There are 2 protein chains.
Amino acid sequence: MQPDPSSLLQQALRELDYGQQPANLYDPIRYIMSLGGKRLRPLLTLLGGQLFTDELGPLVKPALATEVFHNFTLLHDDLMDQAPLRRGQPTVHEKWNANVAILSGDVMLVRAYELLFENVSLPLLPQVLRRFSQTAAEVCEGQQWDMNFETETTVTIPQYLDMIRLKTAVLLGFALELGATLAGASATDAEHLRQFGTDIGLAFQLRDDLLDVYGDAATFGKRVGGDIISDKKTFLLLTALAQATAAQQATLAQYLGQPILDAEAKVQAVRAIYDELHIRPQTEALINEYFQAALQHLERVAAPAARKQPLHHLALQLMDREN
Amino acid sequence: MQPDPSSLLQQALRELDYGQQPANLYDPIRYIMSLGGKRLRPLLTLLGGQLFTDELGPLVKPALATEVFHNFTLLHDDLMDQAPLRRGQPTVHEKWNANVAILSGDVMLVRAYELLFENVSLPLLPQVLRRFSQTAAEVCEGQQWDMNFETETTVTIPQYLDMIRLKTAVLLGFALELGATLAGASATDAEHLRQFGTDIGLAFQLRDDLLDVYGDAATFGKRVGGDIISDKKTFLLLTALAQATAAQQATLAQYLGQPILDAEAKVQAVRAIYDELHIRPQTEALINEYFQAALQHLERVAAPAARKQPLHHLALQLMDREN
């Protein structure tokens with residue numbers, strides 16, 4: 001019987017030992033790791049590996065390195081963004097304090113490295129560490145660009161796409177590449193899987209931007225219109241700013257960077273301009289472009305079509321509006 | 001001609017490339033690395049290696065991993081401690097902001113790992129990474145204990161000594177062990193050097209506590225009495241609290257945890273009690289104990305006495321009150 005990747009991950013996650021004392025250094029790690037989430041990154045590692053091997057056991061701990069790293073970035077990002085909630089629960093800096101969040105996050109990054117190097121065979125170790133470190137630095141670069149863009153007046157669409165590539169997409173790409181590499185895939189196949197993951201990540205982030213404006217409040221999980229209320233320079237807003245008439249520019253200027261008197265009115269006014277400029281179909285077209293590019297990379301991987309089915313299915317699920 | 005360890009380090013430090021864009025992610029790294037300091041940790045790595053080899057070149061970059069890691073901890077510690085100055089210059093969170101300090105620090109930890117794994121031979125890599133990671137987590141534990149002790153009413157002397165061991169001493173021990181390991185030393189010799197470094201670190205930190213109270217303002221570099229003013233639970237204060245008479249306890253209670261009316265009066269009153277209790281000779285005795293233990297470990301290392309001279313000299317220098 002094929003092992004079920006999700007249950008492999010859940011069991012291994014329960015068994016991870018991050019450390020004990022001081023309690024306020026290690027409890028926050030257990031806390032944020034227990035908040036759940038899709039475990040998307042380690043799942044991608046296992047599904048990337050499953051293309052080439054049935055022996056997923058040795059991939060589980062390296063896969064969890066991507067999950068621990070991801071949660072480290074959430075922990076520090078939540079502090080930097082002053083976010084009160086993460087998955088509906090108090091963030092670490094709220095439940096403990098800012099200093100605990102800084103230091104627990106630091107130890108999480110160390111633990112992520114340990115999960116990798118303790119569980120990767122020696123010949124593959126330098127390459128895996130090099131790619132993990134490159135990805136880790138890129139994710140930090142993406143977060144810094146994201147924060148910088150909050151106060152920059154001119155952000156271009158290519159700059160925005162590069163930011164979400166670094167902040168979100170490269171880690172999905174690395175997770176897949178890692179699984180393929182550990183399962184003995186060729187460099188070409190590992191690279192196609194990396195690009196598959198990166199393109200899926202870009203499509204997924206743009207879809208998130210779109211749902212923020214056009215999503216169903218019941219299923220989106222965040223406040224619809226939140227990006228508009230906070231003047232977030234998303235693909236939608238940057239495209240609108242680039243294509244707006246003088247009148248539309250004037251209306252946008254009434255709301256952007258101004259104190260919010262009526263949040264609902266702001267959301268409706270900005271969304272009306274998006275509608276006039278057909279921002280939604282333009283965004284959907286770009287999402288589809290990345291999604292098709294991703295599928296083409298998956299297509300090119302030298303593995304039986306039946307083995308690609310779970311990855312194909314996961315990609316479709318990620319693009320499903322109800323997900 | 002023997003290579004000069006310090007100039008090897010200085011040149012390699014100048015050539016390190018941390019990254020370029022975004023500038024406010026990488027400039028803070030260059031900034032804090034440029035503030036100088038004794039470069040004690042990488043020097044210990046090279047001097048530890050020099051006991052066993054003349055070829056220090058391959059040890060330089062792994063040595064710098066300890067320096068980048070150390071500066072990463074300074075960057076995050078300064079933020080957590082809200083320190084305005086580092087080596088007389090504005091700290092990163094003051095010169096930029098808290099978020100930049102968090103994220104630049106995160107990337108520094110990644111760069112420290114890169115300096116290690118890119119420059120250590122494959123057979124030694126797992127052990128070196130394991131010990132580096134263990135040390136890194138211990139340094140974070142030490143910082144967390146240090147912060148916890150600020151608000152804890154009962155801190156014991158063993159707890160304090162364990163805190164400074166984790167926060168300061170283990171990294172000095174690791175730096176020496178790393179140099180020995182990379183130079184082909186036996187596990188026994190590497191372990192003796194680790195303990196030499198750890199004991200020197202403990203002696204050095206206790207000496208710093210002592211100089212804070214009894215140092216010469218002209219050469220100490222920090223405000224004499226700073227620990228007393230901030231109620232820092234140092235070895236001196238904890239020993240005094242353990243040995244004070246009822247009358248001395250009452251005097252201490254007048255000052256500790258109270259709003260400061262006259263800082264100089266507080267320093268003089270607490271120092272007077274230290275004098276009555278002979279805290280200075282007691283501290284000097286413990287420093288000397290650690291220092292002698294350190295020298296015994298160095299003694300036991302299987303290397304020619306002449307080769308040990310630079311380490312012996314450096315240890316004496318670190319204990320020199322004028323240093």
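User: What makes a residue pair between chain A and chain B a polar contact, and how many such pairs are there?

Analyst: The count between chain A and chain B is 10 residue pairs in polar contact, both residues at pLDDT 80 or more. A polar contact is a pair of N or O atoms within 3.5 Å; within protein, one must be able to donate a hydrogen and the other to accept it, and residues adjacent in sequence count only if both atoms are side-chain atoms. This is a predicted model, in which local features need pLDDT of at least 70, side-chain atom pairs count only at pLDDT 80 or more, and totals for chains, interfaces and linings use all residues. Residues are numbered from 1 along each chain as its sequence is written, chains are lettered from A and ligands numbered from 1 in the order in which they are written, and side-chain values use heavy atoms, with hydrogens and water left out.

User: Why is the pair R130(B) and E118(A) called a salt bridge?

Analyst: The closest N and O atoms of R130(B) and E118(A) are 2.9 Å apart. A salt bridge is a side-chain nitrogen of Lys or Arg within 4 Å of a carboxyl oxygen of Asp or Glu, so the pair qualifies. Between chain A and chain B the count is 2 salt bridges.

User: Which elements of chain A give two or more residues to the side that touches chain B?

Analyst: They are α2 (23-34), α4 (60-80), α6 (98-117) and α7 (125-151) of chain A. Helices here are DSSP runs (H or I, at least four residues), numbered from the N terminus. With 15 residues, α7(A) gives the most.

User: How many residues of chain A are in contact with chain B?

Analyst: Contact means heavy atoms within 4.5 Å, and 39 residues of chain A are in contact with 39 residues of chain B.

User: How do you know what relation holds between chain A and chain B?

Analyst: A rotation of 180° with 0.0 Å of shift along its axis superposes chain A on chain B, with an RMSD of 0.0 Å. That is the relation of a two-fold axis. The superposition is by least squares on the C-alpha atoms of residues with pLDDT of at least 70 in both copies. The same surface serves both copies, as 100% of the contact residues of chain A recur in chain B.

User: What makes K167(A) and D146(A) a salt bridge, and where do the two residues lie?

Analyst: Their side chains meet at 2.7 Å, N to O, so the pair is within the cut-off for a salt bridge. K167(A) is in helix α8 (residues 157-182) and D146(A) is in helix α7 of chain A, 21 residues apart.
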